[in-house]
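Okay, thanks everyone, let's get going.

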Amino acid sequence: MATPATAQSATQRGKNRRIEVKPIAGMLGAEIDGVDLANLDDETFGEIYAAWLEHLVVFFRDQKLTPEQQITFAKRFGGIHYHPFVKGMEEHPEILEIIKEETDTRAFGEVWHTDQMFNPKPAKATILYAKESPSFGGDTMFTNMYAAYDALSEPMKALVKDIKTWSVGDRKKLSQGDKMGSAEKGRYVGNEKMAAKVQDPGDLVTESAHPLVRTHPETGRKALYLGNHVQTLHGFKSAEAKPLIDYLQAHSVFPEFTCRFRWEVGSMAIWDNRCTQHRALNDYQGQRRRMHRITIAGDAPF
């Protein structure tokens, strides 16, 4: 795994020797050319890691990786995080296969969110690899949460600096008495293959408080930390919390903070969950989409 020092050294060189980095939007996102992710030396990975920290989400085209190669590549970013509610592949549990069939009406991840925010140690990164893509539609959008924080007024920054959010993995709040199974599967009505993968998280903690403004552990920058898993603000009454959550969520996905990626078979995206949100667009009815996702374990936000 690349260290922050490795990443910084690549940035300090001023230009990459092994890869070509092409930004796709003003606030975040870059395509990286000239690399085979199945065969990487340490220096090339160091340049990729530095570009990832700088651009928040990076994209690759025309990659050909076996599941084993994708797992090996993913482990260079850190340990694997296993989804508590959804089972991975039978042969490769590290990989969550995300499928939307031609007859499905719902897409996995079709709301703005950051992965596994309800976990006490949310995901560091997500690596998504396209195995089948529709002929049109099915793009993924990303937003820069550094930029969303920076654009707040000074009084608003002062207001939110010590607030914590309360995030819940099951939107129906199991703590109110629902049993795992029907409650969680209800989230995937209209996408039956994903509903069939739902599992009981057992004793895993799936409700957590986190700073509304988090500090990135590698860049030191502050970012809003928000997404669809947020149910309320810790210690606030619901009527107090909702207007602030609604405002900040709408603010954080202003078009000028975002980029959009068009998938093709063999495309891969890697995003930093600590400073982004993302959203899968559900605009390809009648077409099939199949993706292989690996999530990288993270640390407790501060």
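This is a predicted model: local features need pLDDT of at least 70, side-chain atom pairs count only at pLDDT 80 or more; totals for chains, interfaces and linings use all residues.

Let me start with a charge over a ring: Arg 221 lies over the face of Tyr 146, 4.0 Å from the ring centre. There's also a lysine example, with Lys 157 over the face of Tyr 149, at 5.0 Å from the centre of that ring.

Now, rings with rings. How many aromatic pairs does the structure hold? The count is 13. Take Phe 45 and Phe 77: the ring centres are 5.1 Å apart and the planes sit at 85 degrees, and over 60 counts as edge-to-face, so that's what we call this pair. Where are these two in the chain? Phe 45 is in helix α2, residues 42-55, while Phe 77 is in the loop between α3 and β4, so to speak a distant part of the chain, 32 residues apart. Buried or exposed, then, for Phe 45? Buried, because its relative accessibility is 3%, and the cut-off is under 20%. Phe 77 is buried as well, at 1%.

Next, Phe 142 and Trp 271. Their pair is tilted, with 5.2 Å centre to centre and 55 degrees between the planes. Phe 142 lies in strand β7 and Trp 271 in strand β14, so this pair ties together parts 129 residues apart in sequence. Both of these residues, Phe 142 and Trp 271, are buried.

Okay, that's my tour. Over to you.

Methods:
Residues are numbered from 1 along each chain as its sequence is written. Side-chain values use heavy atoms; hydrogens and water are left out. Rings of Phe, Tyr and Trp (its six-membered ring) pair if their centres lie within 6.5 Å; planes under 30 degrees apart count as stacked, over 60 as edge-to-face and the rest as tilted. Helices (H or I, at least four residues) and strands (E, at least two) are DSSP runs, numbered from the N terminus. Buried means under 20% relative accessible area, exposed over 50%, partly exposed in between (1.4 Å probe, protein chains only). A charge sits over a ring if NZ of Lys or CZ of Arg is within 6 Å of the ring centre and within 35 degrees of the ring normal.
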